[in-house]
Amino acid sequence: MTRSPRDFRVSSDLPAAAGDRGHRPDCLAAAHQLHGYLVAAHWTPDGVLAGPDPGIRFNARVGRFAKSYSRRLPWTDDLVYLQAQGYWILDNWLLHDATSQDRYEQLAVRTSESVLGLQHDDGHWAYPNPEWSGRVATVEGCFAALGLLESYARTGRTEFLDGATRWHSYLRGAIGFRSQPRAGMLAVNYFAHSPGNGGGVPNNSTLLLWTAARLAEVTGDQDFLREAPDMLRWLEHVQQPDGELPYAVGAHAGRTRVHFLCYQYNAFEFMDLVHYHRITGDPGALPVLEGLAAYLTGGLVGGTARYDCTHLKPEVAYYATAVARALSQAHGLGMADGSAEVAAAYRRTLAHQEADGSFAFHSRNNYRFLTDRRSYPRYLSMMLHHLLLEGLGPREGTP
């Protein structure tokens with residue numbers, strides 16, 4: 001039987017455990033408020049979410065706080081991250097499913113068209129932050145592709161599929177994979193055409209596994225999964241005894257960095273692999289997922305997400321929803337039981353939502369006393385995604 005693109009619409013999640021649905025009913029209302037805020041504050045006539053970003057290097061360490069404490073000044077640092085657009089596209093399709101309102105479909109399609117307009121002829125997207133000018137990052141391209149694939153699955157417009165497949169061809173040809181010391185193991189590189197391109201950063205490989213699985217799902221071409229078994233073997237090999245995936249393994253001048261923003265990175269890696277396993281059914285993902293679930297049970301304390309393995313603070317708003325969402329999935333899969341901690345994290349997060357739908361802070365207790373109150377669309381679109389999935393619960397068509 002021939003299947004139409006609409007047969008491959010993304011399912012929101014694996015089924016939650018019995019009795020789990022609806023115990024955090026405020027998440028959906030909070031998501032609607034946050035969506036309205038993003039439209040009002042960050043949606044542009046160009047069809048993209050644009051706004052400031054914590055960035056990297058000096059801005060991440062110092063500059064963003066100076067800007068936060070002088071928000072009345074006309075800072076001109078708006079950026080268009082493809083990661084934000086990818087989440088935004090997925091979010092609007094989820095809202096369209098939940099409400100059947102055309103405006104959400106229109107937003108998703110318009111953003112997808114804009115993402116295509118930003119793509120270069122060879123399939124890549126440039127990194128938006130001027131501090132990394134000229135680089136092409138795996139993460140940015142994968143999120144652009146995921147958004148385009150979702151819009152292809154909903155509309156059947158082949159230009160969206162073409163954009164995603166061109167990105168994957170570019171990734172294989174220009175970004176590539178780093179062979180690991182043991183045979184049969186691969187890790188995707190962080191950047192294109194860069195000698196220090198970080199071929200040992202697990203979160204890049206988990207995201208590519210989700211992207212490749214989605215490409216295989218909508219096209220029926222299993223060749224997109226060619227590197228998947230070797231990437232999974234590498235992830236299992238580098239996973240720590242407590243289940244944590246290190247931030248980087250021999251990625252920069254041969255150096256390994258185990259701990260860096262530990263729980264939020266591992267939460268996203270868990271969610272990536274849940275998508276991969278849901279689509280492919282590959283049992284090779286289960287050992288890594290089980291280890292991650294065990295590790296993440298220690299990630300929430302008093303409704304906040306730990307900053308890393310040794311520090312509770314600073315408190316970062318989107319870390320809490322990411323870890324809570326991953327633990328909620330782990331509970332639904334029977335891998336962990338963190339229900340009380342998850343509920344506390346959502347209650348604390350929603351307590352900081354403002355009347356306009358924004359959140360009171362991005363991070364606080366930085367350097368013990370600094371707070372960053374700027375509005376960052378990249379991270380707010382992630383929070384929107386997690387709130388939507390938690391609020392919607394299992395949906396019709398979820399396997």
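Trainee: How do H3 and H5 lie, roughly parallel or roughly perpendicular to each other?
Mentor: Roughly parallel to each other. Keep in mind that this is a predicted model.

Trainee: What angle do the axes of H3 and H5 cross at?
Mentor: Roughly 25°. The cut-off for roughly parallel is under 35 degrees, so the pair falls into that group. The two axes come within 7 Å. Helix H3 covers residues 82-99, and helix H5 covers residues 138-155.

Trainee: Is the crossing of H3 and H5 left-handed or right-handed?
Mentor: Left-handed.

Trainee: Which residues in H3 meet H5?
Mentor: Leu82, Gln83, Gly86, Tyr87, Ile89, Leu90, Trp93 and Asp97. On the H5 side, the residues include Val139, Phe143, Leu146, Glu150 and Arg154.

Trainee: What classes of residue make up the contact of H3 with H5?
Mentor: Nine are nonpolar, five are polar and four are charged.

Trainee: What is glutamine 85 in contact with, leaving aside its neighbours within four places in sequence?
Mentor: Val48, Leu49, Val80, Thr111 and Val115.

Trainee: New topic. At what angle do H6 and H7 pack?
Mentor: About 135°, with their axes 11 Å apart. H6 is residues 158-175 and H7 is residues 202-219. That angle makes H6 oblique to H7.

Trainee: Which residues make that contact between H6 and H7?
Mentor: From H6, Leu161, Ala164, Thr165, His168 and Leu171. From H7, Leu208, Leu215, Val218 and Thr219.

Trainee: Last one, H13. How many residues does it have, and how far does it reach?
Mentor: It has 16 residues, numbered 377-392. From first C-alpha to last, H13 reaches 22 Å. That is close to the 22 Å expected at 1.5 Å a residue.

Trainee: How many of the residues of H13 are buried?
Mentor: 15 of its 16, so H13 is mostly covered.

Trainee: What follows H13?
Mentor: Glycine 393. Its phi is positive, near 65°.

Methods. Residues are numbered from 1 along each chain as its sequence is written. This is a predicted model: local features need pLDDT of at least 70, side-chain atom pairs count only at pLDDT 80 or more; totals for chains, interfaces and linings use all residues. Side-chain values use heavy atoms; hydrogens and water are left out. Axes are lines fitted to C-alpha atoms, for helices over the stretch in contact, and angles run from 0 to 180 degrees between N-to-C directions. Helices (H or I, at least four residues) and strands (E, at least two) are DSSP runs, numbered from the N terminus. Angles under 35 degrees count as roughly parallel, over 145 as roughly antiparallel, 65 to 115 as roughly perpendicular and the rest as oblique. A crossing is left-handed if the near helix is turned anticlockwise from the far one by less than a right angle, and right-handed if clockwise. Contact means heavy atoms within 4.5 Å. Ala, Val, Leu, Ile, Met, Phe, Trp, Tyr, Cys and Pro count as nonpolar, Asp, Glu, Lys and Arg as charged, and the others, Gly among them, as polar. The expected span of a helix is 1.5 Å times one less than its number of residues. Buried means under 20% relative accessible area, exposed over 50%, partly exposed in between (1.4 Å probe, protein chains only).
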